[in-house]
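Here is a short tour to read alongside the sequence and the 3D view. Keep both at hand as you go.

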Amino acid sequence: MHRWLAMFTACVLIGFALFAFLKQGRTEKSYPLLGVMALLQVALGIWTLFSGVNIVIATMHQGGAVILLSLLVLSIHHARFNGLKKSA
């Protein structure tokens, strides 16, 4: 279940990041970072499984989750603050 939810969440985050990045004139740096971090988090999760849940890699995966959440909050703040202008 965790794997399916992770892939779905990564797709949603990357979609949001791409949409917001293109909509706001490519000036905001938090959106690309959000997309890259989502991909990195998925890669860390896969690496954690292949390593047999090595504690160092698993800890990096947990730290990645904190960074990803922080970038998501920052991106949502920028999207609301800048208004994500609707095209008329």
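## Overall layout

In what order do the elements of the protein run from the N terminus on? They run α-α-α. The protein has three helices and zero strands, where helices (H or I, at least four residues) and strands (E, at least two) are DSSP runs numbered from the N terminus. Taken along the principal axes, the box filled by the C-alpha atoms is roughly 50 × 20 × 15 Å.

Please keep in mind that this is a predicted model, in which local features need pLDDT of at least 70 and side-chain atom pairs count only at pLDDT 80 or more, while totals for chains, interfaces and linings use all residues. Residues are numbered from 1 along each chain as its sequence is written, and side-chain values use heavy atoms, with hydrogens and water left out.

Of the 88 residues in the protein, 31% are buried; buried means under 20% relative accessible area, exposed means over 50%, and partly exposed lies in between (1.4 Å probe, protein chains only). Among contacts with a separation of 6 or more, 64% are between residues 24 or more positions apart, with contact meaning heavy atoms within 4.5 Å.

## Helix 1 against helix 2

Let us start with the first pair. Helix 1 covers residues 2–23 and helix 2 covers residues 30–50. Their axes are 7 Å apart and they pack at an angle of about 165°. Here axes are lines fitted to C-alpha atoms, for helices over the stretch in contact, and angles run from 0 to 180 degrees between N-to-C directions. Helix 1 and helix 2 are therefore roughly antiparallel to each other; on this scale, angles under 35 degrees count as roughly parallel, over 145 as roughly antiparallel, 65 to 115 as roughly perpendicular and the rest as oblique. The crossing of the two is left-handed, a term used if the near helix is turned anticlockwise from the far one by less than a right angle, with clockwise being right-handed.

Which residues meet here? From helix 1 come R3, A6, M7, A10, L13, I14, F16, A17, A20 and F21, and from helix 2 come Y31, P32, L34, G35, A38, L39, V42 and L49. By class, this contact of helix 1 with helix 2 has 16 nonpolar, one polar and one charged residues. Ala, Val, Leu, Ile, Met, Phe, Trp, Tyr, Cys and Pro count as nonpolar, Asp, Glu, Lys and Arg as charged, and the others, Gly among them, as polar.

## Helix 1 against helix 3

Helix 1 and helix 3 pack at an angle of about 35°, and their axes are 12 Å apart. Helix 1 passes helix 3 in a left-handed crossing. On the helix 1 side the residues are H2, L13 and F16, and they meet H61, L68, L72, S75, I76 and A79 in helix 3. This contact divides into six nonpolar, three polar and no charged residues.

## The nonpolar core

Which residues form the largest nonpolar core? There are ten: L13, A17, A20, Y31, L34, M37, A38, L68, L71 and A79. A nonpolar core is a set of buried Ala, Val, Leu, Ile, Met, Phe, Trp, Tyr and Cys residues joined through side-chain atoms within 4.5 Å. Helix 1, helix 2 and helix 3 (55–82) each supply at least two residues of this core, and the largest share, four residues, comes from helix 2. In soluble globular proteins, nonpolar side chains tend to be buried together.

Leaving aside neighbours within four places in sequence, L71 is in contact with L33, L34 and M37. L33 lies in helix 2 and counts as partly exposed, at 48% relative accessibility.

Is S30 buried or exposed? S30 is buried, with a relative accessible area of 4%, and is found in helix 2. Not counting residues up to four places away in sequence, S30 touches L74, S75 and H78. S75 has its place in helix 3 and is buried too, with a relative accessible area of 0%. With the sequence neighbours up to four places away again not counted, S75 touches F16, S30, Y31 and L34.

Finally, look at V53, in the loop between helix 2 and helix 3. V53 has a positive phi of about 60° although it is not a glycine, and at 54% relative accessibility V53 counts as exposed.
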